[in-house]
Amino acid sequence: MRIESKEEFAAAAARANALSDAAEGTPAADELAGLVAAIRDWEARRKPEGHGPEENPEPGTNRSPDDLRFTGLPGNLGKLRE
């Protein structure tokens with residue numbers, strides 16, 4: 001199986017979720033293994049939109065696009081001044 005669209009991905013993820021309790025050695029477990037492989041392949045091919053670490057735009061630093069300019073708990077964000 002090869003996932004080719006976001007709709008197929010969503011359907012495969014829902015089916016894998018439904019099969020997550022399948023006992024080993026059953027046809028359902030075999031189907032689950034195939035779905036997991038297809039989902040992993042999809043995510044690997046969709047890397048820019050997929051999950052995982054972002055590339056570092058500044059080599060030699062620990063900065064990435066999602067780094068915040070501040071630290072602290074979300075409840076303290078209103079106390080920060082720019």
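Colleague: How many of the residues here are buried, as a percentage of the 82 in the protein?

Modeller: Buried means under 20% relative accessible area, exposed means over 50%, and partly exposed is in between, with a 1.4 Å probe and protein chains only. In this protein, buried residues make up 12% of the 82 residues. Bear in mind that this is a predicted model, where local features need pLDDT of at least 70, side-chain atom pairs count only at pLDDT 80 or more, and totals for chains, interfaces and linings use all residues. Residues are numbered from 1 along each chain as its sequence is written, and side-chain values use heavy atoms, with hydrogens and water left out.

Colleague: And what does the accessible surface of the protein come to?

Modeller: Accessible areas come from the Shrake-Rupley method with a 1.4 Å probe, and for residues only the protein chains shown count as cover. Here the total is about 6900 Å², with 52% of that belonging to carbon and sulfur atoms.

Colleague: How many helices and strands are there in the protein?

Modeller: Both are DSSP runs numbered from the N terminus: helices are H or I with at least four residues, strands are E with at least two. This protein has two helices and zero strands. Take helix 2: its 19 residues reach 27 Å from first C-alpha to last, close to the 27 Å expected at 1.5 Å a residue. That expected span is 1.5 Å times one less than the number of residues.

Colleague: Which residues of helix 2 are buried?

Modeller: They are Ala29, Leu32, Leu35, Ala38, Ile39 and Trp42. Part of what covers them is helix 1.

Colleague: Which residues form the largest nonpolar core?

Modeller: First, the general idea: in soluble globular proteins, nonpolar side chains tend to be buried together. A nonpolar core is a set of buried Ala, Val, Leu, Ile, Met, Phe, Trp, Tyr and Cys residues joined through side-chain atoms within 4.5 Å. The largest one here has nine residues: Ile3, Ala12, Ala16, Leu19, Leu32, Leu35, Ala38, Ile39 and Trp42. Helix 1 (6-18) and helix 2 (27-45) each supply at least two residues of this core, and helix 2 gives the most, with five.

Colleague: What is Ala12 in contact with, leaving aside its neighbours within four places in sequence?

Modeller: Contact means heavy atoms within 4.5 Å. With those neighbours left aside, Ala12 touches Met1, Ile3, Leu35 and Ile39. Ala12 lies in helix 1 and counts as buried because its relative accessibility is 3%. Ala12 and Val36 are 24 residues apart in sequence, yet 8.4 Å apart in space, C-alpha to C-alpha.

Colleague: What share of the contacts with a separation of 6 or more comes from residues 24 or more positions apart?

Modeller: In this protein, such residues account for 38% of those contacts.

Colleague: How many aromatic pairs does the structure hold?

Modeller: Rings of Phe, Tyr and Trp (its six-membered ring) pair if their centres lie within 6.5 Å; planes under 30 degrees apart count as stacked, over 60 as edge-to-face and the rest as tilted. The structure holds one such pair. Phe9 and Trp42 are stacked, at 6.0 Å centre to centre and 25° between the planes. Phe9 sits in helix 1 and Trp42 in helix 2, 33 residues apart, so the pair links distant parts of the chain. Phe9 is partly exposed at 22% relative accessibility, while Trp42 is buried at 9%.

Colleague: How many salt bridges are there?

Modeller: Side chains of opposite charge can pair when their charged atoms come close. The rule is a side-chain nitrogen of Lys or Arg within 4 Å of a carboxyl oxygen of Asp or Glu, and the count comes to four. In one of them, Arg2 meets Glu4 at 2.8 Å, N to O. Arg2 also bridges to Asp41, the closest N and O atoms being 3.7 Å apart. Asp41 lies in helix 2 and Arg2 in the segment before helix 1, so this pair ties together parts 39 residues apart in sequence.

Colleague: Which residue forms a salt bridge with Glu31?

Modeller: Arg15 does, with the closest N and O atoms 2.9 Å apart. This pair links Arg15 in helix 1 to Glu31 in helix 2, 16 residues apart. Arg15 is partly exposed at 38% relative accessible area, and Glu31 is partly exposed at 34% relative accessibility. Elsewhere, salt bridges that share partners join Arg2, Glu4, Asp41 and Arg45 into one network.
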